[in-house]
Amino acid sequence: MSSSRLALYEQQPGSSSRFDIDNLIDERYRALQDAKQARNLWPTWWKGHLRVGKVYAVLNDHEKAINSFERALALAPTNNEIQKALYESRQILGRQLRLEHLESKLSPRSIPEQLNELQRNLGLDPEEVRMTYRLLEEIDPSIADVIKGHQYEHGDIDVKQDYEQAAKYFAKAANQGNAEGMYNLARLTDRGLGVKKDHNLAQGLLEQAAAQPPQHPLLEELPNNGVALAEHALGLRHAEGVVVHKNLLRAAYWYQRAVNHGCSEAANNLAIMYEDEPAPIVDRKLRLRDSHRIEVISKHREWESHRNNLDHSVISGAHKPRVKQQTPKSLIGLKSITLREMNPTRDHIYSGYVLSATIIDAAHAWTPSIHLVIEDENLDCEQMCIYGFPEEQGEYLTSKVYTIGSKMNIINPYLRIGASDMKPFIRIDDFSSILVQSESERVINMCRCCGEPNAPYACSKCKQARYCSKECQTMDWQLYKHKLICKN
Ligand SMILES: [Zn+2]
Ligand SMILES: [Zn+2]
């Protein structure tokens, strides 16, 4: 009964009418139920698993099909029919996953792909290609292992296709710290090609690859290919909820990193994600007890209350910066960066990068510098000090421009390590490197605690600070020390 039904829809020609499609799906569904029933009646009967696998294969669910074929094969290891079905489903799934993960014309190309293209375009003969391989092997043996892995994965003029050998070479490269080796081993591990299928292990390999330096460690002018590929794959996983929990914010983070490292397909996916889904919602309340946030904001308020009690004439100058932060000549090709991507222990100018931020706390004083607290798109916050503006503009800048809720882009941000307290902050020496966004972008009546816009309540004492709720006001008073700066 069940085998005839399977045969019936396997031979069903393409249908166009709605009725036929419904009917076809219905038939397939019943065939699957029949096959599952056959398998459940006798779970060690390999034909039951084979039949379930075949139905899944026809339904184009090759992951499940492979699972069933593998079970069947475990019960009948020499059966040709199972081996053939398993091989076919693996091939198809491999193609499907490759399409998802690697659009070859858009992704950064691996070294063997670059060499193959050279061979095609320049008519290099296979011997020359082999020579280039040998040359690369001398510079970095792990590159040669990656190349061998690709040769075995797909088969070429020199070697017969063999997933197990491919996995061995990728693993060898990965053990030498090669990001492309890690990425490719992750790919095979994800699909159980040549190695045991293990999604979690694959996840770990991708994270490991993404943590490698973005430029090749020995050939610095070359991108470290596996890094962007792994970042892109991690973006896909978080966007679709594969292996990890679906998290669009994490997806956006990984896509953006992949874009920064030259993967244009990630840019495409990032754009599609924002088009399909509402902007990722970040839980503001969750971050309010972050110890760094509390420290930065309360320190800022302590400083301001201290300043308010001082005679301005006794305030001494600031420490000279170690390096001079400047705005670049051209804005073309700038990449975005967030606070968490900056090393908090390294005094460094991130040249060629833009930090987008919102001012969440400001101060009235402007000598020797304007003190602010900024928050970036991840809701991470940091202290910021602006130097190098004409002193006669101080009043105007602190009261009208650099005020709470104002959004800006900081070009070539300088993460300065404080000379006395060794704490990081963003230092601006060329204030033309701050591009303040238009008034329409400003967050109006921002809650001083959580940052929500249109906060309805004002502090009854100072009438300045706005709050969205009683909880926020209490938290701001105690935890963030609003009490230090609140006065009528
Ligand atoms: Zn609030
Ligand atoms: Zn107040």
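Predicted model: local features only at pLDDT ≥ 70, side-chain atom pairs only at ≥ 80, totals over all residues.
Helix α12 (residues 225-240) and helix α13 (residues 248-260) cross at roughly 160°, and their axes come within 7 Å. Because an angle over 145 degrees counts as roughly antiparallel, α12 is roughly antiparallel to α13.

**Helices α12 and α13**
- The crossing of α12 and α13 is left-handed.
- On the α12 side the contact is made by Ala 228, Glu 231, His 232, Leu 234, Gly 235, Leu 236, His 238 and Ala 239, while α13 contributes Leu 248, Arg 250, Ala 251, Trp 254, Tyr 255, Arg 257 and Ala 258.
- The residues of this contact between α12 and α13 comprise nine nonpolar, three polar and three charged ones.

**Helices α10 and α11**
- Helix α10 (residues 179-191) packs against helix α11 (residues 199-210) at an angle of about 165°, with the two axes 8 Å apart, which means that α10 is roughly antiparallel to α11.
- The crossing of α10 and α11 is left-handed.
- Among the residues making the contact are Met 182, Tyr 183 and Leu 185 of α10, together with Leu 201, Leu 205 and Leu 206 of α11.
- In the contact of α10 with α11, ten residues are nonpolar, three are polar and one is charged.

Key
Residues numbered from 1 in each chain as written. Chains lettered and ligands numbered in written order. Heavy atoms only, no water. Axes fitted to C-alpha atoms, helices over the stretch in contact; angles between N-to-C directions. Helix = DSSP H or I, 4+ residues; strand = E, 2+ residues; numbered from the N terminus. Parallel < 35°, antiparallel > 145°, perpendicular 65-115°, else oblique. Left-handed = near helix turned anticlockwise from the far one by under 90°. Contact = heavy atoms within 4.5 Å. Nonpolar A, V, L, I, M, F, W, Y, C, P; charged D, E, K, R; others polar.
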